[in-house]
Amino acid sequence: MIRVEPRCRVVIDNDWAGDPDGLVALAHHALSPANRVIAITCSLTNPMFGPPEGRAQAGADLVLDLLQVLKLPDLAGVHAGPDTSFTGQPRNSPAARAIVDAAADAAGENLPLFLVCAGPLTNVADALLLEPAVARSFTLVWVGGADKDEEEYNYFTDPAAADFVLGNREVAVWQFPMETYRRVVVPVVELDAAFRSAGPCGAWLWEHFNSLEVPDFVKFGPLWCLGDSAPLVVTGLDDLTSTFVQTSAEPQRRKYMSVDTRLIMADFVAKLRLQV
C-alpha cells in the first residue's frame, strides 16, 4: 500500500460516554496514518445521558476498551477530566494537564498540533486557565456552536467553557458549526451493514450503537449524524473537497461551511475492513 506520511499531531477530546458517533471518529483517527494521535482526553457529558458523576471516567474506560479492540492499546495516553462544568478556577485535572503537556512538547514541532474537540470545551478551558502560554501552540478544531441562536449541544453542555475559550484571542479556531456537522449523515442501514462486515471493531461499534440509552423523547430516523467525524477532513484526510470561510487571520479562525461526507465514510469503512 502507498505509504501515507503523518501531517499533524492530534489531541482528541470528547464526551466519550455520550453519543457513540464520537467513538466512530476516534476509531477513524486511530486508523489514520496521516495524523499522529498523542493524547486522548475525556470530558463530562450532558445530563441528558444521566447523572454526570463518573461519566468522564466511564468515557475513558470506553476509549481504552476500543483501543484494545483496535489492537492499538499503546496508541496514546487516555486522561479523564472533571464531571463538572468550567468553574473559572484553575483545576489541574489529568485531561487539562495532558493538553498542556502536548502543547508544550517541543519534540513534535515539525508537525502542527490540532486539538480536536467534538464535545464541550471544558478540558480546553481548564488547560488554558492552567497554562495560558500554550494558547498559541495548537489549533483548536471544534465541532460545536451554531450560526443561529439555537441551543447547540456541545456549546450548551458547558457555555462558560466555550465563551472562555472562544474569547481568547490567542487561540486559533477551526470550527465545524451545527449547520455543517449535522449534514454529515449516513443511512442507518448503510452504517449497520458496514459495522456487521467490519470485524471486531465493527462489531464493537455496532453493539454500542444498539445499546445506547437515550431519553424517551429521542426517536431515531433513517439517517444517523456522524458529525464528530467532520474534523477528519483536516487531520486524517484533506479538506480539498470541503469549503470554509476565514473569519480572522491572526490568530487564524476558520468556519467550515461544508465537508465531504462520502470521502469520510468511504475512508472509514475501508480502514475498518482492512482490520479484519
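The structure is a predicted model.

The account begins with strand E1, which covers residues 8-14 and has seven of its seven residues buried. The burial extends to both faces of E1. On one side lie Cys8, Val10, Ile12 and Asn14, and on the other Arg9, Val11 and Asp13. E1 pairs with E2 in the parallel sense, over seven bridges. Within this pairing, Val11 has Ala39 of E2 as its bridge partner.

Strand E2 spans residues 35-42 and includes Thr41. Is Thr41 buried or exposed? Thr41 counts as buried because its relative accessibility is 0%, and the limit for a buried residue is under 20%. The side chain of Thr41 forms a polar contact with the side chain of Asp13, at 2.6 Å. Asp13 is itself one of the buried residues of E1. When neighbours within four places in sequence are left aside, the residues in contact with Thr41 include Val11, Ile12, Asp13 and Asn14, and also Trp16, His79 and Asn123.

The next subject is the largest pocket, whose volume is about 710 Å³. Its lining consists of 24 residues, and those that lie nearest the centre are Asp19, Met48, Tyr153, Arg182 and Cys225. Two or more lining residues are given by helix H5 (153-157) and by strand E8 (223-225). E8 provides the largest share, three residues.

Key
Residues numbered from 1 in each chain as written. Predicted model: local features only at pLDDT ≥ 70, side-chain atom pairs only at ≥ 80, totals over all residues. Heavy atoms only, no water. 1 Å grid on protein atoms, 1.4 Å probe; cavity = no way out; pocket = protein on both sides within 12 Å on 5 of 7 lines; lining within 4 Å. Points joined across faces, edges and corners; volume = space filled by probe spheres on them. Helix = DSSP H or I, 4+ residues; strand = E, 2+ residues; numbered from the N terminus. Buried < 20%, exposed > 50% of the residue type's maximum accessible area, 1.4 Å probe, protein only. Polar contact = N/O pair within 3.5 Å; in protein donor to acceptor, adjacent residues only side chain to side chain. Contact = heavy atoms within 4.5 Å. Pairing = 2+ DSSP bridges.
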